[in-house]
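Hi,

Here is the structure I promised to pass on.

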Amino acid sequence: MHILAIDQGTSGTKAIVVDAAGTVLAIAEEGLRPRYLDGGGVEQDPRALLDSVLTAGRRAAAEAGVPLDAVALANQGETVLAWDPRTGEPLTPAIVWQDRRAEPLCAARAAHAGRVAELTGLVLDPYFSAPKMRWVRDELTTEGVVTTTDTWLVHQLCGAFVTDASTASRSLLLGLDDARWNDELVELFGLGGERLPEIVASDAVVGTTRAFGPELPVTGLIVDQQAALLAEACLEAGTAKCTYGTGAFLLAQLGTTPARSASGLATSIAWRLRGETRYCVDGQVYTAASAVRWLADLGLISGAGELDAVAAPSGDGVLCVPALAGLAAPWWDAGATASFTGMTLSTGRGHLVRALLEGVAAQVAALSELAGADLGAPLTRLRADGGLTRSRVLMQAQADLAQIPVEVYPSPHATPLGAAACALMALDPALDPATATGGWRPSAVYEPAWPAERAAGYLERWQAAARATLSANPEEQ
């Protein structure tokens, strides 16, 4: 069998053709650049999203030159738009998961934060879909339907009106325990009159498409981060991965129990496969590769490929909190801002680059500690994927600060490979998640080189710097 698996992400769309053994036969990528607006707005052109899916998918299919059996789609998770269900035409820009303009809507519902967390496993924050959906209705249009981008893209491919359970669990509209749209939550966000898509499993066939040549089943729908969790075979409770892409996203497998986080992390559906729902706990670093792009825009580096060559051997006392789009778990402060501290006249660009990479690693280290607290035992290792894993400086800093080995996934295509595994299970009833993902060996393992005392001291100083970036200093509250 051959699967065309498409990863529609924030910074670009990647399409691969993969066989049942996990061998990648073709790759095509189309870049995207979100628009960053005043007031915390982040938008994408929906037509550019669709064009990138069709162009990358067709290029990969042509390059592979093999008959295809299905197309799978991984999506951004919380990005939304309004569109006309009769014509499929977009009515608004796509409001990206990083967009913070719905913060006042969340603040107005702050009294319900505890109930929202109880029902959804999530934090009441504009990162998730429902506040952005309400913002679209208040500020842009009352016409058409308002959904996450996966629903619109799938509708464009095959006419279905669906979303998968993992994506729905990122909306603040889904009851986590029964995995259904929750009337109480829908009313809380004033979305009672909205048409919501059918929730399907990631191994469900939702229709067929001729967008990439001969008619193909459309299946393998899943959130990008959960797809990577699956690809990296984080199938047992306590296994964890971090994807270093536009942001950095740490997910730890919970198994079949939707335990709520006591540490400020989010609990979501990892996937629904073979009739079983599995859950994960996750934490987010909003800016990772996007922070690197910011460095490049400032002229400090030419691009991510130059990170290791430019980074100084140490930060020489410089600390960076890369909160260029606010801070997520466990602070959940949309108004937090980025900072460099500890600079002197001797500080050079190499120190700033090193400090930014260590700042990303410090946030992930904080998340790994919180995930361990929720799991009842510390993480023993962290699997890693994404473009920034090519930076040896970042990966070593991650091992040093988290004080656990970091195992780099051998393929740069974890997300589409996870979506492809879902599609393979849709086509072959004999497959389960373990066999569909297959075995893999890390391409590199980074062991901690710092003593525990040094890591603890660095993280203590970094946490103090992070608290100073918050929009309301805790000491003043």
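Below is what turned up, starting with the helices and ending with some backbone details. Please keep in mind that this is a predicted model.

**Helix 11 and helix 12**

Helix 11 runs over residues 349-375, and helix 12 over residues 392-402. Their axes come within 8 Å and cross at roughly 40 degrees. An angle from 35 to 65 degrees falls between roughly parallel and roughly perpendicular, and helix 11 and helix 12 are therefore oblique to each other. Their crossing is right-handed. On the helix 11 side, the contact is made by R354, L357, E358, V360, A361, A362, V364, A365 and S368. Helix 12 brings V393, L394, A397, Q398, L401 and A402 to it. By type, these residues divide into 11 nonpolar, 2 polar and 2 charged.

G376 follows helix 11 and has a positive phi, near 85 degrees.

**Helix 8 and helix 13**

How many residues of helix 8 are buried? The count is 8 of 8, for a helix that covers residues 224-231. The axes of helix 8 and helix 13 (residues 414-427) come within 7 Å, crossing at roughly 75 degrees. That makes helix 8 roughly perpendicular to helix 13. In this contact, D224, A227, A228, L230 and A231 of helix 8 meet A414, T415, L417, G418, A419, A421, C422 and M425 of helix 13. The residues involved divide into 10 nonpolar, 2 polar and 1 charged.

**Backbone details to look at**

Most residues other than glycine have a negative phi, and most peptide bonds are trans.

- R274 has a positive phi near 55 degrees and sits in the loop between strand 18 and strand 19. Its relative accessibility is 34%, so R274 counts as partly exposed.
- Q403 has a positive phi near 60 degrees and belongs to the loop between helix 12 and strand 23. Q403 is partly exposed, at 29% relative accessible area.
- The peptide bond from A329 to P330 is cis, with omega near -5 degrees. P330 lies in the loop between strand 20 and strand 21.

Terms used:
Residues are numbered from 1 along each chain as its sequence is written. This is a predicted model: local features need pLDDT of at least 70, side-chain atom pairs count only at pLDDT 80 or more; totals for chains, interfaces and linings use all residues. Side-chain values use heavy atoms; hydrogens and water are left out. Buried means under 20% relative accessible area, exposed over 50%, partly exposed in between (1.4 Å probe, protein chains only). Helices (H or I, at least four residues) and strands (E, at least two) are DSSP runs, numbered from the N terminus. Axes are lines fitted to C-alpha atoms, for helices over the stretch in contact, and angles run from 0 to 180 degrees between N-to-C directions. Angles under 35 degrees count as roughly parallel, over 145 as roughly antiparallel, 65 to 115 as roughly perpendicular and the rest as oblique. A crossing is left-handed if the near helix is turned anticlockwise from the far one by less than a right angle, and right-handed if clockwise. Contact means heavy atoms within 4.5 Å. Ala, Val, Leu, Ile, Met, Phe, Trp, Tyr, Cys and Pro count as nonpolar, Asp, Glu, Lys and Arg as charged, and the others, Gly among them, as polar.
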